[in-house]
Amino acid sequence: MSQEFAPQTQLKDALRVLRYNLRKGRDSVRETAPRRLPAPASGLALSALNEIEVVARNLDHFVCNVAHSVLGERTKSPTSLRAIIASPRPEQEFSVAYYETMKLVLSHIGAKRALANESAGGRAFAQLARSQDVFELAARLTLQLADDGSIAIDQLDDQSPVTRSGTNVVAVFAGLLSMLADPDEPDREAMIFAATELTVALQEKVLSLYRKKDTAALAALLERCANYV
């Protein structure tokens, strides 16, 4: 990752971690206070929580404003893996596309509190971009990003179609799959959701290949699936 880009991305990740932990702590108090405290104390805790939520919202706006003022406007970035590879700053473009894509994928599979690390995407791309074949690159990125702790999921919906242990793998595979689909598709969000639904349907196969670390088979599966997204 370029020296100019890395500190900016790390700052954004640090601010996102701050927001994530704040929301996590706030939600934990909301969930546990009524059960673990006697009625008077519980009422006081929940009342105080309402004040904390106001502070949390203000802090959230502050963090967003700081990130916006420090990092500036984000220009439109390529979202297909081929376009990213061909761009002047592929590591930066991939990290942005990876983060934005993973937010939608994680939401679609029922991750209520989740965090994706943008810097990790750029680092992984920098290490693996030497792969000549775009599907092999996507497969190698899937294996690395599913393992490197770049995704934190604190809460998964009970109705999620994905098992908790396989969530990261399914999410990363779906995200990479969406980046391999038709780059001319105008509805990027619909493409991401279609890739996620297809990955969920094939999750046993995806998880099996992931456990075997079978890069060639994962690449072949990504290539076949890309035609249906």
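**Chatting through a helical model**

Q: What is the relative accessible area of Lys213?
A: Lys213 has a relative accessible area of 41%, so it is partly exposed. Keep in mind that this is a predicted model.

Q: Where is Lys213 found?
A: Lys213 sits in the loop between helix 9 and helix 10.

Q: And what about its phi?
A: The phi of Lys213 is positive, about 55 degrees, even though Lys213 is not a glycine. Most residues other than glycine have a negative phi.

Q: Let's zoom out. How many helices and strands are there in the protein?
A: The protein has 10 helices and two strands. Along the sequence they follow the pattern α-α-α-α-β-α-α-β-α-α-α-α.

Q: How much of the protein is buried?
A: Of the 229 residues, 44% are buried. The accessible surface comes to about 12000 Å², and carbon and sulfur atoms own 52% of that surface.

Q: What share of the contacts comes from residues 24 or more positions apart?
A: Counting contacts with a separation of 6 or more, 71% are between residues 24 or more positions apart.

Q: Which residues touch the most other members of the largest nonpolar core?
A: Those are Leu81, Phe94 and Leu141, in a core of 52 residues. Helix 7 (residues 167–180) supplies the largest share of this core, with 10 residues. As background, nonpolar side chains tend to be buried together in soluble globular proteins.

Q: What does Leu141 touch?
A: Setting aside residues up to four places away in sequence, Leu141 touches Phe94, Ala124, Phe125, Leu128, Ala146, Val172 and Leu176. Leu141 is also one of the buried residues of helix 6.

Q: What span should helix 6 have at 1.5 Å a residue?
A: Its 14 residues (134–147) should span 20 Å, and the end C-alpha atoms are 20 Å apart, which agrees.

Q: What goes on at the start of helix 6?
A: There, a side-chain oxygen of Asp133 comes to within 2.9 Å of the backbone nitrogen of Phe135. Past the other end, just after helix 6, Gly149 has a positive phi of about 75 degrees.

Q: Is Thr215 buried or exposed?
A: Thr215 has 16% relative accessibility, under the 20% cut-off, so it counts as buried. Thr215 belongs to helix 10.

Q: Switching to helix 9, which of its residues are buried?
A: Gln203, Val206, Leu207, Leu209 and Tyr210 are the buried residues of helix 9. They cover an arc of only 165 degrees around the axis, which puts them on the same side of helix 9.

Q: What does the face turned away from that buried side carry?
A: That face of helix 9 carries the exposed residues Glu204, Arg211 and Lys212. On the buried side, helix 9 packs against helix 6, helix 7, helix 8 and helix 10.

Q: And what do the buried residues of helix 8 pack against?
A: They pack against helix 4, helix 7 and helix 9. The buried residues of helix 8 include Arg188, Met191, Ile192 and Thr196. Helix 8 (residues 188–201) reaches 20 Å from its first C-alpha to its last, close to the 20 Å expected for its 14 residues.

Q: Last one: which residues does His108 contact?
A: Leaving out neighbours within four places in sequence, His108 is in contact with Phe193, Thr196 and Glu197. The side chains of His108 and Glu197 are joined by a polar contact of 2.7 Å. His108 lies in helix 4 and, at 29% relative accessibility, counts as partly exposed.

Q: How far apart are His108 and Ala171?
A: They are 63 residues apart in sequence, with 9.4 Å between their C-alpha atoms.

Definitions and conventions. Residues are numbered from 1 along each chain as its sequence is written. This is a predicted model: local features need pLDDT of at least 70, side-chain atom pairs count only at pLDDT 80 or more; totals for chains, interfaces and linings use all residues. Side-chain values use heavy atoms; hydrogens and water are left out. A nonpolar core is a set of buried Ala, Val, Leu, Ile, Met, Phe, Trp, Tyr and Cys residues joined through side-chain atoms within 4.5 Å. Buried means under 20% relative accessible area, exposed over 50%, partly exposed in between (1.4 Å probe, protein chains only). Helices (H or I, at least four residues) and strands (E, at least two) are DSSP runs, numbered from the N terminus. Contact means heavy atoms within 4.5 Å. The expected span of a helix is 1.5 Å times one less than its number of residues. A polar contact is a pair of N or O atoms within 3.5 Å; within protein, one must be able to donate a hydrogen and the other to accept it, and residues adjacent in sequence count only if both atoms are side-chain atoms. Accessible areas come from the Shrake-Rupley method with a 1.4 Å probe; for residues, only the protein chains shown count as cover. The arc is that of the directions from the helix axis to the C-beta atoms.
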